[in-house]
Each structure stands twice: as C-alpha cells, then as structure tokens.
Amino acid sequence: MCGIIGIASNKPVSINIINSLKKLEYRGYDSAGIATLKNNLINEKKCSGRVDELEKILFKSPSDGNIGIGHVRWATHGVPSILNAHPHSSENVSVVHNGIIENSDELKMELESKGLKFKSQTDTEVITLLITEALNNNEPLESVFKTLNKLKGSFALGIIFKDFSDIIIGARRGSPLAVGYSNNENYLGSDSYALKSMTNKISYLDDGELCVLTKNEVSFYDDKKNKINKKIHIVSDEENIADKGDYKNFMSKEIFEQPITAKKCVNEYIDSLKKDINIYNFPINPKDLKKIILIGCGTAYHSCLVAKYWLEELTNIDVEIDIASEFRYRNLKFNDKNLYIFISQSGETADTAAALDICKKNSVKTCAIVNVIESTIARNADWVLPIHAGPEIGVASTKAFLGQLIVLYILILKLSSIRNEINQTTYNQKIENLKKIPKFLKKTLDLETNIQILAKEFLDAKGTMFLGRGSSFPIALEGALKLKELSYLHAEGYPAGEMKHGPLALIEEGLPVIVIAPKDKYFEKTLSNMQEVIARGGKIVFITDNKKKSISENIRFGLRVPHIDNLLSPILLTIPLQLLAYHVALLKNCDIDKPRNLAKSVTVE
Ligand code: F6R
C-alpha cells in the first residue's frame, strides 16, 4: 500500500528519499514521486511505475534541497498515472498521503465553487488545496490543524511548505506513521523498516497526533494542539535484517526460512526445562473465559479458521471467527468474559485495526498475534503474543502464516492445560511434537523438486480447485489464495463435502483439483469426495501424510508430507501449496514478491 518518506537534513536528501522508497516497494504500489525544497521553490518529480524509473528521472534532472518528501502510491482514487502520483503540490505546499479521504467529493465541490482547479483525480489533492487556502492567514501548523478538522477518513500525511523551508509536518489518523532520529537529520516514514538504513531510533505517532520535524528537532502535538512527548524505541537489529541473500526473491527465501521461523517461535514459547508453555498474564482468567473470537483478513483469517478447529478439539471454549472487514460493521453483542484475538502479520491492516478499536470502545479484552510488535494493532491490544518471524517482505504471507499457526496452537494448548481440559501426558506429548515441527518442515521442503514438475501442469489450466475437510479446509482456502494472488490463475478452495452442493458443476476433463487429505477422522470421507471429482474428469493432485495410502493410478500426482501429530498437520500441508503457487508463478514470469494490484500492508479499508 502507499508509503511515505520525509527527510529534513543539513545535506541534499533526494538520494536517501529514493533509497527509502525502495525499502517501501514491498508494500505494493503503482507510481512514485518526490518533492524537495530549495530556494523557496518546490521541485516535484513523479513517474508511473517503479521507483527505478523515478531514480532515472532524478539522474537526468537532479532535485536538490535539504528537505523533501517521497511517496509510493497504490491507486485508490484515480488510475495509476503521473498526474495521480504523489506528492500533490500547489505553489506553496506539497503533500504526500496514505489512506482515503472519505468526504473528498464534498470538499472538492466546495473548493471548485471557489474557483479552484484540480489537476488529478485523487482525494489527496483536496488536502493540498485546503492547506494552501488555510496558509493565507496562518502558520503551517495551524493551517494543518484547520485542514485536518475538515477531513473524514484515514490518513498519514507528510507536508512541506515553500515559505517555511526547514520543516516537514506529519499527521496521523488511521494510517501508521513513524518518526526517526539521527544527527542533523530527522525522518518521517510509513514504517520503521523504511527508515532502517538511516536510524534505529523511532517514535510512532498515535491517532490524532502531529509532528513537526526540522533537521535538529522533532515536536509532537496531540489533536488538541498540546505539545506532547513521545517514547523513542530502539528498533532491534533483527527487525533490520531483510536481505534476500542468494534467493531469487523474498518469497522463496521466506518459504525456505520456515524451519528457522518455527524453531524460533517454539523456543520463545516453550520452556524446555519445565516442559511447559511460557504464556502468562492472560487478560482474562482462562478458567472464566466464555468465548474466543478470532479476527483477521486474508491469510491471517485462514489462521483463525484453523485455530477454530484446534479450540474445538482441545478446549470447551466457544469459538467464533470473523473477517475483520465484516466484524467491524456487525451489530455485535460484546461480553467481558470473551477474549477477542486479532491476527495480523503487519499489525497495520486497516480493517483489523478498526475491529480492534471497536472492541476497545466496548471495553472487552483484546489480544494481538502479530509479527511487527511496534505496530498499531500490537500497541492497541491489551495483550500481545508476537510470532517472532522477522521481517516478511514478499507480499504473499508464508512464514508469518506459519508463525500465526504455531502461536495459536501453543496458546490453545496452554488454555487447555490451565482449564484442565487436557491430561498431563497428552499435554507433554503435544509439547514434544511442537519441537519436531522445524525438522519436519525441512523434510517437507524437500518436495520442491516434485512440485517444480507439477507446476508445469498448471500452465494451461483454466482454473483449479483446492479441497479439504476439517482443518484442511482452511488450508485449501490458503492454497487457493496463494495460487491466485501469485500466478493470477483462478483458484477456489472448498470443503470437500460441499462439492455436491454446486461446485462439482465446475469439474470437467483435465481440471486440476488439489485434494488435501491428512490421516485424520475425515480421511475416508475426503477420498469419497475425490472419487466424485475423478469420475467427472478432474485431474487430482493428492497431498497427504498417510503412509498407508498408495498413490493410485487415478491420481495424477501425489505428494506426501511427513506425519506429525494430527492437529499439527495443517502446518506441514501448507508448505507444498506455497511451493506450488510459487513455482506456477515463476513459470508464468509473474512478479512474485509484488503481485499485481496487491499491497503488503493494507492500510486502507
Ligand atoms: C495473502 C496475504 C494477505 C494478508 C492480509 C492481512 O498472502 O498476505 O491476505 O494475510 O492482507 O495482512 P496482515 O496479516 O498484515 O493483517
């Protein structure tokens, strides 16, 4: 999604702005731009496409100036184009914006009725014109406050002013914004990762807050214009390591990193000496818990779905799951004996963050299972359980999904133990099984060579289906999501038992159908559903951990993952599906780390 950079320095800033914009590329974008300020002139350069293009433009025609803002745009209002790219500048002001101004049409009409003209189709340009108008009688900070009062929606802003050549103003409502500190240089950024090469000292703005940066100092204000102090966080080295090394792209690195991710995550939560799980400080006494509600978007939602099966198997706690964009608009009955768990890799997903806010307003207890521990969702939740996966750069979530599943499983196991819903021997056994995950993941990754061959079969496919029952159903959904987002091949995930209720009509000669059938209580039922697909010409890719099942001639391709504890099988079964999506996308020459139209951090609704 869109990304913001701002730098106030004692030396020219354009090269560092470009380098930082490159760090924001992982978020997904379609155009880029920069505005610098020199000799009371705003110098704006923009391009449609990649930051490399912008760099070439700057190479031919350098932008000087010790202060500047940069942006990568993910189109919301108006097509991706140079005109719609940010910054949006008037003669006096230049603005970069993340988020959506919901009343922009109304504001635009008001401004047009005063004779003002718009150059772009964006919602952002109203901010530029409103600040420009307000500047007639006011200082920059006052003009920004005045403008913000008129805006509805979500935003993070970076603003420079022609006549105030040493300041950048930043503002946040809904979309994240960070400030970084260095010697004779201060920064504004959509996330700390973008600032990593320049500083590890970071503050995070909260909703309603503003900041004024000069090269030597940063001041913060709340929404009532009071000056406030903000905590400075030292971003850990680990958060700063994000390099694809010898891998072709970040996604393959992140897929193959999963044994290490799992090991780190398990080590963080399992006390091997005490043979117990290190999870304390529950915001509600587990024995009093009435219900758990799990909320997330996309892949994170799929981890909620898997957790539902685990909660039902291991505890007597009621469970509900919801997609954050639905949850936030439902007419819910909140209960203070319920725990609301929010799952998010980035911790910045707008719908998930908004759903969490609703829970806070209703004074119920919240838990965040996140990768980025400094994120909005982590900071707003009552209780945080990090997944310790390290930076995930590929847009498609892989190692973070694994981390989410592991943390959810560990949490559920702990709840089950505290509530005396599991006997000690089974609890100990399940902890031991968790420790085996890294080794089994490594073995599962060895399937890559077979999957490379399998991927070729998908090149001419019109579409595909993923089928599973029980906890393999969310894995079917996840497999379909990965394949469609990476390779742009139409893919559907279904509970295998649901086929006869409609989707079976899609099966025709040669349609690839992936059947996920671990050795669990659903195994035989899934095989029957598979036969129904075979009878109609479906070309089966069969994925199992069942050593006894021979891969029969009716099955076009078989993949066997190691057998682990039945409950943990979704963790291993996901791996071949990630590899399949990856290799189909690779064969189709797709932009694997940055699939079209998608963003890593979905900071708009
Ligand atoms: C798919 C994918 C997305 C994210 C979703 C939520 O591969 O990555 O579906 O899972 O956008 O993002 P987070 O987890 O950051 O809230």
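A: A residue counts as buried under 20% relative accessible area, as exposed over 50%, and as partly exposed in between. Cys297 has a relative accessibility of 23%, so it counts as partly exposed. The model is a predicted one.

Cys297 is also a residue of the largest pocket: with Gly298, Thr299, Ala599 and Val602, it is among the closest to the pocket centre, out of 31 lining residues. The space in this pocket comes to about 650 Å³. H10 supplies the largest share, 5 residues. By class, the lining has 14 nonpolar, 11 polar and 6 charged residues. As for its place, the pocket lies between domain 2 (250-443) and domain 3 (448-587), because both give residues to the lining.

Cys297 can also be looked at for its sulfur. The closest cysteine sulfur is that of Cys304, and at 9.0 Å it is too far for a bond. A disulfide requires the two sulfur atoms to be within 2.5 Å. The structure as a whole holds 0 disulfides. Cys359 is likewise in no disulfide, with the nearest cysteine sulfur, in Cys367, 12 Å away. In accessibility, Cys359 has 0% and therefore counts as buried.

The largest nonpolar core has 97 residues, and Leu294 and Ile369 touch the most other members. Helix H14 (residues 399-418) gives the largest share of this core, 13 residues. Since domain 2 (250-443) and domain 3 (448-587) both give residues to the core, it lies between them. In soluble globular proteins, nonpolar side chains tend to be buried together.

A search of the whole structure finds 1 cavity of 30 Å³ or more. The largest cavity holds about 50 Å³ of space. Its lining consists of Cys2, Arg73, Trp74, Thr76, His77, His86, His97, Gly99, Thr122, Asp123 and Thr124. These lining residues divide into 2 nonpolar, 7 polar and 2 charged.

To return to the request, the largest pocket lies between domain 2 (250-443) and domain 3 (448-587), since both contribute to its lining, and Cys297 is one of the residues closest to its centre.

Notes: Residues numbered from 1 in each chain as written. Predicted model: local features only at pLDDT ≥ 70, side-chain atom pairs only at ≥ 80, totals over all residues. Heavy atoms only, no water. Buried < 20%, exposed > 50% of the residue type's maximum accessible area, 1.4 Å probe, protein only. 1 Å grid on protein atoms, 1.4 Å probe; cavity = no way out; pocket = protein on both sides within 12 Å on 5 of 7 lines; lining within 4 Å. Points joined across faces, edges and corners; volume = space filled by probe spheres on them. Helix = DSSP H or I, 4+ residues; strand = E, 2+ residues; numbered from the N terminus. Nonpolar A, V, L, I, M, F, W, Y, C, P; charged D, E, K, R; others polar. Domains from an automatic or database assignment. Core = buried A, V, L, I, M, F, W, Y, C linked by side-chain atoms within 4.5 Å.
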